Every structure is written in structure tokens, then in C-alpha cells.
Amino acid sequence: MNLTLWIAAALLAAVALGGGITKTFVPQQKLAAAPGGRWTGQVDAGFVKALGFVEILAAIGLILPAALDIAPVLVPVTAICWIVLMIGAIITHLRDDEAKFILVNLVYLALAAYIAWGRLGPEAFGN
């Protein structure tokens, strides 16, 4: 189980890093024109960049605390925060009637829930 939790965290961290870099460095007009990105044209560019920065921090928080054994409890905390972020993403895609992206967000939410459950329960760091 420990291995599957590490794999799930790595996959989710890769998703968070990719999304975070995109939101932080790709121009807002280009994001808004991309599939699933319509919402970025409806909000302030600073909000999109801030959200991208939060996603980059999530990528870090899913891996580094455990890898460096410095406050590894931040891994499940980050996963819980990702769940909240995915709920917001699902609501956003519901408003824009983008069912395909809702399914993707549900998969990311499930990965985060698995990480949170595993790292707070049966495979908590320090056990």
C-alpha cells in the first residue's frame, strides 16, 4: 500500500505541477481558448496565476515533506486541500457544462482522497 500511495502522490503531483506551470506562465487569452479553459477568461488574470502558484505548492506538498522527512503530515493535509480545490473545479466545469472535465476532476479528487486516507490511516508516516 505504501508504494501505491507514493505512486498516487507522484501522479497527482505531476498533474498539479503541469497545471500550475500552465496557469502561472501561459497567457490568459491562450488558456481561455484551450479546451476546459473558458473559465480563465471570466476571471482576473491575477487569480489564474495565484491558482497556478497554489497548484505548484500542492505538487511540492505532496512529495517533499515525506521525501525529506520534514513534517510529513503535510502530505495528507495537501491532499485534503487538493480535494477542496477539485470541488471548486467541478463546480466551475458544471457551470460551463463541461462534463468531460468534471470526470477528470473526479479522478484527481479520488486520488487525493486515497492519499489523505492512506497517509492519515493505515500508512501514516511514523507508523
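This is a predicted model: local features need pLDDT of at least 70, side-chain atom pairs count only at pLDDT 80 or more; totals for chains, interfaces and linings use all residues.

Biologist: Okay. Which residues does UniProt list for "transmembrane region"?

Modeller: The unreviewed UniProt entry lists residues 6-26, 47-67, 73-94 and 101-120. Those positions are in the numbering used here, feature names are shortened, and annotations may be inferred rather than shown by experiment.

Biologist: What's the chain doing over residues 73-94?

Modeller: That span is 95% helix and 0% strand, and its end C-alpha atoms are 32 Å apart. Residues 101-120 are 100% helix and 0% strand, with end C-alpha atoms 28 Å apart. Helices (H or I, at least four residues) and strands (E, at least two) are DSSP runs, numbered from the N terminus.

Biologist: New topic: how much space lies in the largest pocket?

Modeller: About 730 Å³. Of its 30 lining residues, K23, G36, W39, E55 and H93 are the closest to the centre. On a 1 Å grid over the protein atoms alone, a pocket is an open set of points with protein on both sides within 12 Å along at least five of seven lines, a cavity is a set where a 1.4 Å probe fits but cannot get out, and lining residues have an atom within 4 Å of a point. Grid points are joined across faces, edges and corners, and a volume is the space filled by probe spheres set on the points.

Biologist: Which helix gives the most to that pocket's lining?

Modeller: Helix 4, with nine residues. Helix 1 (2-25), helix 3, helix 4 (74-95) and helix 5 (99-120) each supply at least two.

Biologist: And what about a cavity, how many of 30 Å³ or more are there?

Modeller: One. The residues lining the largest cavity are L5, W6, A9, L62, A66, V75, R119 and F125. Helix 1 and helix 3 are the elements that give two or more residues to that lining, and the largest share, three residues, comes from helix 1.

Biologist: What is A112 in contact with?

Modeller: Leaving aside neighbours within four places in sequence, A112 is in contact with L12, A79, W82 and I83. Contact means heavy atoms within 4.5 Å.

Biologist: Last one: is E98 buried or exposed?

Modeller: E98 counts as buried because its relative accessibility is 10%. Buried means under 20% relative accessible area, exposed over 50%, and partly exposed in between (1.4 Å probe, protein chains only). E98 is in the loop between helix 4 and helix 5, and beyond neighbours within four places in sequence, E98 is in contact with G36, R38 and H93.

Biologist: And A45?

Modeller: A45 is partly exposed, at 29% relative accessible area, and lies in helix 3 (residues 45-67).

Note on methods: Residues are numbered from 1 along each chain as its sequence is written. Side-chain values use heavy atoms; hydrogens and water are left out.
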